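Let's take a walk through this structure together.

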Amino acid sequence: MARGSTSMEVRRDGVAVITVSNPPVNALSLDVIASLQRDYGEALRRSDVKAIVLTGAKGRFSGGFDINAFDKKPSKDCPVLSFVNKLNIYVVKFMLLPDAPKPSVAAIDGVALGGGLELAMVCHARVSTSSAQLGLPELQLGIIPGLGGTQRLPRLVGLPKALEMLLMSKPLKGVEAHKFGLVDAVVSADELISTACSWALEIVEDKRPSFRSLHRTDRLPALEETKKILNFARVQAQKQSASLQHPLVCIDVIEEGIISGPRAGLMKETLCGKMLEMSQISKSLRHVFFAQRATSKIPNISNLGLTPRRIHKVAIVGGGLMGSGIATALISNNLLVILKEVNEQFLDAGISRVKANLQSLVKRGQMTKEDYEKKLSLLSGVLDYEQFREADVVIEAVIEDLSLKQKIFADLEKYCHSNCILATNTSTIDLHLIGQKTSCQDRIAGAHFFSPAHAMPLLEIIRTHRTSSQVVIDLLNVAKQIRKTPIVVGNCTGFAVNRMFFPFTQVAYFLVDYGLDVYHIDHVITKFGMPMGPFRLADLVGFGVAIASRKQYLQSYPERCYKSMLIQIMLEENRTGESSRKGFYLYDDKRKASPDPEMNKYIEKSRSMASIVQDPKLPKLTDDEIVEMMLFPVVNEACRLLDEGVAMKASDLDVASIMGRGFPSYRGGVMFWADSFGAKYIYDRLKDWSKYHGGIFEPCEYLSTRARQGLSLAAMADGAMSRL
Ligand SMILES: C[C@H](O)CC(=O)SCCNC(=O)CCNC(=O)[C@H](O)C(C)(C)COP(=O)(O)OP(=O)(O)OC[C@H]1O[C@@H](n2cnc3c(N)ncnc32)[C@H](O)[C@@H]1OP(=O)(O)O
């Protein structure tokens, strides 16, 4: 079946309106491109057509080239790359050459992204609505624009703005696009097509100039200035991620076009683009794009036809770090919030934290001062449950104390209305236990936010076998409302994200006890692409939390826990992490971390208490071996989550690892990365280590089966258990 097409309507005034139609985002699939070529050809041939307007169906211009098409195996009949090239040549030849017989105007509503905006930029003029979003986000996919975007955008909006839009994948709204010269007029959606048609006819009648963006130079800086700007951009791009080459390639391609002319630039764009499309980084980022969108597709839930109920007011119990962060996330996205604390002092502190969170958004330019006041007015603080009657959802966010949580849930059942969703932000405790003193387990679910809750993009939704499907649908909708990516998982100690990564910390302590350096491990892990190593992270989270969650894991998974004494020893010396300015690192007034030479003292003590004989081989591990030793147990735990049905699909765990733990997205997430080694390699390594170092490395059945059968880790097991 064809994936989309274009249609052409020739109006009485002689304008051919060509409409791209490929729901939901009018992506430029191979079928759309072929159809566009046919329609354009016909419009250029027909004597009753004077000009062309290009637009998209249902209020969306185009979300860009069809990302699925990159992974299609090129065949003789359908070589993907040459299709793109054909279009490239086609648009350059017919719509761009000085003697192009008929002008084109793009009529843009909704989105014009990637190839969509590139097509629009080939046109002789662009008219958009004020809410339209125009951008070139290709770098997020590990590629560069392939239809001339690297050449045309700087010529339309100027070099600095183009670099910002490209390197940060930042789109412009219609009004701003107009200010920067990317669009020529902003009109309402109702007037869009008629204005674009009039504009096109006025170009025909020489009443308006016919600009060819590729040949404009008026917005380009002089050569010396160009070099300065581009070199600065190179430094910034490297600072942002030293492991990524494609932003640098993008800058080189822009430079080529400015120095050697647009044709040379287009040529380089095509050659470099081809290479990047085939890179592992691009494959990984494309995988993440689809994985992220697949998390809310939940078998036997999202296909039941349930409609999410309206969530208007959310009540939060506990205004600590998590509670105030959650409140910030909710009010920032226009939900009414009631924040409950036990006394005035705690309530004031909680509200102050919310204010500080909002102020940091204002400081970073992500919120205006007027918005700050508006959002804050959505928050009210309370000391009892009276107003909880009006809440559609309650999120409990108190300390990890089971009896306290049980009491709160029993109270909530009394005070809230009978449809209210009762959610807990626990990061480890079994939901059945939390709801044990209630008779409304069908309304109980986990809504696990990650700290800082207003900034981290993931929401882990936990459901037990008693949680109703409607509650899951409603929480998915809350995630959407507050612009977080949800993953829905089953109930167990640590749920999916924390449980998957608990071996990571365990192995880190194991390696240190056996002779590796704390700071070297952190360095290797950050070099791999994680935002911080396990020891810097332990400092940030605080040793109290680390001890509490380790206790939970020890109870639930004793056979694969490594019992290091290190944190306990440090706690005894009042080192509690970053909050006390002393943890594995020392912290100055600005919270800058520096290594502490005294660490050896604690490590020696930990080793002697555990009677550890150092393994002479371990300190000689290469960086790659350290990464494997720390992350293959994470893969192993992820396999258990799939086997037990706690997680539904490997790609959910990829998203969880990236958004919850900062696993580098350009590696595709933990399972995608693991599949690049293959199950057998990982199994063999773990088996080997487990012989010497025990259960922490013991490969699980899921991994072992896949290693034997030569299957990928992402392939779902037949008859896997399900907790969902
Ligand atoms: C040659 C060129 O230079 C190369 C390119 O153009 S590469 C593509 C560049 N374009 C992009 O990166 C834009 C990607 N898309 C987006 O950012 C967002 O989808 C959007 C802003 C367009 C719409 O967002 P939103 O309304 O939230 O819808 P969203 O859930 O993301 O997408 C809806 C569906 O369209 C699909 N989709 C979106 N853009 C797509 C694209 N470019 N290709 C294929 N599918 C796409 C999604 O996978 C999703 O499919 P599903 O319903 O089966 O899960």
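Start with a pair of helices: helix 9 crosses helix 10 in a right-handed sense. Keep in mind that everything here is a predicted model. On the helix 9 side, the contact is built from His246, Val249, Val253, Glu256, Gly257 and Ser260. Helix 10 answers with Pro262, Ala264, Gly265, Lys268, Glu269, Cys272 and Leu276. Sort the residues of this contact by class and you get 6 nonpolar, 4 polar and 3 charged.

Now for the geometry. A packed pair of helices is described by the angle between the two axes and by how far apart those axes are. Helix 9 covers residues 246-260 and helix 10 covers residues 262-277; their axes lie 6 Å apart, at an angle of about 160 degrees. Because angles over 145 degrees count as roughly antiparallel, helix 9 is roughly antiparallel to helix 10.

Next, the ligand. Which residues come nearest to it? Out of the 24 residues around the ligand, those are Gly63, Gly64, Phe65, Gly114 and Gly115. As for its make-up, the shell has 13 nonpolar residues, along with 7 polar and 4 charged ones.

Finally, zoom out to the whole chain. It splits into domain 1 (5-278), domain 2 (313-489) and domain 3 (497-709).

How values were computed
Residues are numbered from 1 along each chain as its sequence is written. This is a predicted model: local features need pLDDT of at least 70, side-chain atom pairs count only at pLDDT 80 or more; totals for chains, interfaces and linings use all residues. Domain bounds come from an automatic or database domain assignment. Axes are lines fitted to C-alpha atoms, for helices over the stretch in contact, and angles run from 0 to 180 degrees between N-to-C directions. Helices (H or I, at least four residues) and strands (E, at least two) are DSSP runs, numbered from the N terminus. Angles under 35 degrees count as roughly parallel, over 145 as roughly antiparallel, 65 to 115 as roughly perpendicular and the rest as oblique. A crossing is left-handed if the near helix is turned anticlockwise from the far one by less than a right angle, and right-handed if clockwise. Two residues are in contact if their C-beta atoms, placed from the backbone, lie within 7 Å. Ala, Val, Leu, Ile, Met, Phe, Trp, Tyr, Cys and Pro count as nonpolar, Asp, Glu, Lys and Arg as charged, and the others, Gly among them, as polar. A residue is near a molecule or strand if its C-beta atom, placed from the backbone, lies within 6 Å of it.
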